[in-house]
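Visitor: I would like to learn how to read helices and strands in a model, one feature at a time. Could you guide me?

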Amino acid sequence: MGNRIKVLIVDDSALMRQQLTLLLSKHPSIEVIGSARDGREGVEKAIRLQPDVVTMDIHMPTMDGITALQYVMEIAPRPVIILSAYSRKGALVTFEALELGAFDYVTKPEVMGAAEMGKTVDLLVERIVAAASGSSRTRKRPDDEYAEETGERGEPFRKAIAIGASTGGPRAVEDIVRHLPADLPAPVFLVQHMPPLFTSSFAERLNEKYPIRTVEGAHRMPVEPGTVYVAPGGKHMTVEKVLGKPQYRIAVGALPKETIFKPSVDVTMMSLLEQLPASKLIGVLLTGIGSDGAQAMVEIKKRGGFTIAEAEETAVVYGMPRAAAEMGGASVVLPYSQIGRFIVGEVMRDGS
C-alpha cells in the first residue's frame, strides 16, 4: 500500500491516547505520528509534525478542543475529526466544531470496554480514511437562482421532500435548510445518521438558526407543510395516513430490525413512496459511506418522482450519492450549495 495516513491524536486522557494509538496503528493505512495531552500541545504538534489528519478531544485543560481547532484551521489547516462525549452537551459543542471547520466527529464510548472501543475505532478509521482522501475539503458555494411561485392546492401539501445524509452530512444539511422558507408548502423528512441525543440537538439547532420550523420526529406527530422532521437516532421514521382523513402523521419504531442504520434513509423514503403519489416526492441523497437510500431513490425516480444526488465535488464521502447515481436513481446531480434553492424551485412550480 502507498504512503500511510499520518495521524496526530489530541486527548487529555492518557488511557485514550494509548488505546487510540494502539488500535489505529493496527490499520495498514494509518500511522500515528504523535499525540498531545491538551489543545495547546496539539496545535504545536500539528504545526511541527504536519499530520494528514488530527483527532481532537473537546474538553481538555490549558486549551480546549474548540479553541485548538480554530488555531489549527487558521495556522495549519488540515482535516480535524472531533472526539465527542456521548451527551447532550457533547452534541451541542460538536455542532459548533463542525461549523468552525471540523471535518466530522466520532462519539467516545460511554464504557471503555474492548467491544465499545473497537466500534469507536472502526468509525474513526472510516472518518480518517475519508478525510485523507482529499474529497471536498474546500467546499464550493456557487450562486444559483430559481424563481419562486406561489399557489394553493386542496391537498395537505404540494410536495414532500426526503433528505438522507451520513458522514459529513450536517454541514450540507444546514446549507440546504437555510434556503427553505418558513411557508414552504411541503414537509421535509430528514434522515441523518446520528446517535439519539445528537438528533434532538441537531433539530433544535436547525430550528433556532433558520426560518423553517424543525423538530425531531415523534410517534403520531401530525405532518404539516413548512416543517422539517428529523428522524430520531436509533429508530426508524416512517409516515402513515390518518384513516378517513386527508392527513398524515409520523410513525417511529424499531422495525425493520435488519437495517444497518437506524434511522435508515431507505426505510423513510420507501414509506413515503407507499403513502404518497411518487409525483409528489422529491428525494435527496447527500454525502455518506455506503448506499443507504440509493435503492429508494431508484424507486422514486422510476415511479415518476424527482431525485437529487449530491455531486462528488462537494460530497465529503462520495458513497451514498454515487450509489444512487450509478444505479440510475438521480434525476439531477448538484453540489449541495445549489440543492436548497433547487428544491424550492421544484416545490413552487405549477403542477404536482
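Visitor: At roughly what angle do the axes of helix H8 and helix H9 cross?

Guide: Please keep in mind that this is a predicted model. In general, two packed helices are described by the angle between their axes and the distance between the axes. Here the axes of H8 (residues 265-275) and H9 (residues 294-302) cross at roughly 20° and come within 8 Å. Angles under 35 degrees count as roughly parallel, and therefore H8 and H9 are roughly parallel to each other. Their crossing is left-handed.

Visitor: Which residues make the contact?

Guide: From H8 come Asp 266, Met 269, Met 270 and Leu 273, while H9 contributes Ala 294, Gln 295, Ala 296, Met 297, Glu 299 and Ile 300.

Visitor: What is the order of the strands in the open sheet?

Guide: As a general idea, strands of a sheet pair through backbone hydrogen bonds, either parallel or antiparallel. In this case seven strands, with parallel pairing, follow the order E8-E9-E7-E6-E12-E13-E14. The edge strands, E8 (213-216) and E14 (332-334), each pair on one side only. On average, and with direction ignored, neighbouring strands of this sheet are turned by 20° against each other.

Visitor: How many bridges join strand E7 to strand E9?

Guide: Three bridges join E7 (residues 188-192) to E9 (residues 227-230), and the two strands run parallel. For Val 188, the bridge partner in E9 is Val 228.

Visitor: Which strands does helix H11 touch?

Guide: Helix H11 (residues 336-348) packs on the sheet and touches E6, E12, E13 and E14, with its direction making about 170° with that of E13.

Technical notes:
Residues are numbered from 1 along each chain as its sequence is written. This is a predicted model: local features need pLDDT of at least 70, side-chain atom pairs count only at pLDDT 80 or more; totals for chains, interfaces and linings use all residues. Side-chain values use heavy atoms; hydrogens and water are left out. Axes are lines fitted to C-alpha atoms, for helices over the stretch in contact, and angles run from 0 to 180 degrees between N-to-C directions. Helices (H or I, at least four residues) and strands (E, at least two) are DSSP runs, numbered from the N terminus. Angles under 35 degrees count as roughly parallel, over 145 as roughly antiparallel, 65 to 115 as roughly perpendicular and the rest as oblique. A crossing is left-handed if the near helix is turned anticlockwise from the far one by less than a right angle, and right-handed if clockwise. Contact means heavy atoms within 4.5 Å. Two strands pair if DSSP finds at least two bridges between them.
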